[in-house]
Amino acid sequence: MRLTADIWVSAYLTRLRLAAIPAFVVARGDATAGAVMVKLNTLDGRACCYQRSFDLMTGERQWVVLAEGGEADVDLSIQRQCSFDPDLWVIEVEDRQGRHLLDEDGLK
């Protein structure tokens with residue numbers, strides 16, 4: 001059984017808050033089936049955007065980099081994706097150390 005987008009986002013924000021990593025919802029998508037993108041802002045003018053992808057070989061979901069580089073460039077990529085998919089959730093994580101927790105159990 002798959003979690004709805006809003007439940008996953010709520011759990012993710014809670015995990016970040018427990019690790020003292022600031023994060024907030026930039027775009028609220030469809031509560032049940034919206035895709036989720038995570039923008040990691042390292043607060044030095046650079047950013048990285050992750051999207052969830054399905055690996056056809058293993059059948060597993062994994063987080064892959066959609067865009068990385070200057071924050072303005074990453075924001076443009078995210079805006080483009082939002083224009084294609086109005087159901088998209090965008091979460092912005094702000095951490096100078098580059099922590100996003102997406103590689104932890106339960107979030108992969």
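1. Ala, Val, Leu, Ile, Met, Phe, Trp, Tyr, Cys and Pro count here as nonpolar, Asp, Glu, Lys and Arg as charged, and the others, Gly among them, as polar. By these classes, the lining of the largest pocket has 10 nonpolar, six polar and six charged residues.

2. The model is predicted: local features need pLDDT of at least 70 and side-chain atom pairs pLDDT 80 or more, while totals for chains, interfaces and linings use all residues. Numbering starts from 1 along each chain as its sequence is written, and side-chain values use heavy atoms, without hydrogens and water.

3. A pocket is an open set of points on a 1 Å grid over the protein atoms alone where a 1.4 Å probe fits, with protein on both sides within 12 Å along at least five of seven lines; lining residues have an atom within 4 Å of a point. The largest pocket is lined by 22 residues, with Arg 2, Gly 34, Val 36, Arg 52 and Arg 61 nearest its centre. Among the elements giving two or more residues to this lining are strands E2 (36-41) and E3 (46-54); H1 gives the most, with four residues.

4. Helices are DSSP runs (H or I, at least four residues), and strands are E runs of at least two. In H1, Ala 5, Trp 8, Val 9, Tyr 12, Leu 13 and Leu 16 are buried (under 20% relative accessible area, 1.4 Å probe, protein chains only). They cover an arc of only 130 degrees around the axis, which puts them on the same side of H1; the arc is taken from the directions from the helix axis to the C-beta atoms.

5. Arg 17 and Leu 18 are exposed on the face of H1 turned away from its buried side (exposed means over 50%). Just after H1, Ala 20 has a positive phi of about 60 degrees.
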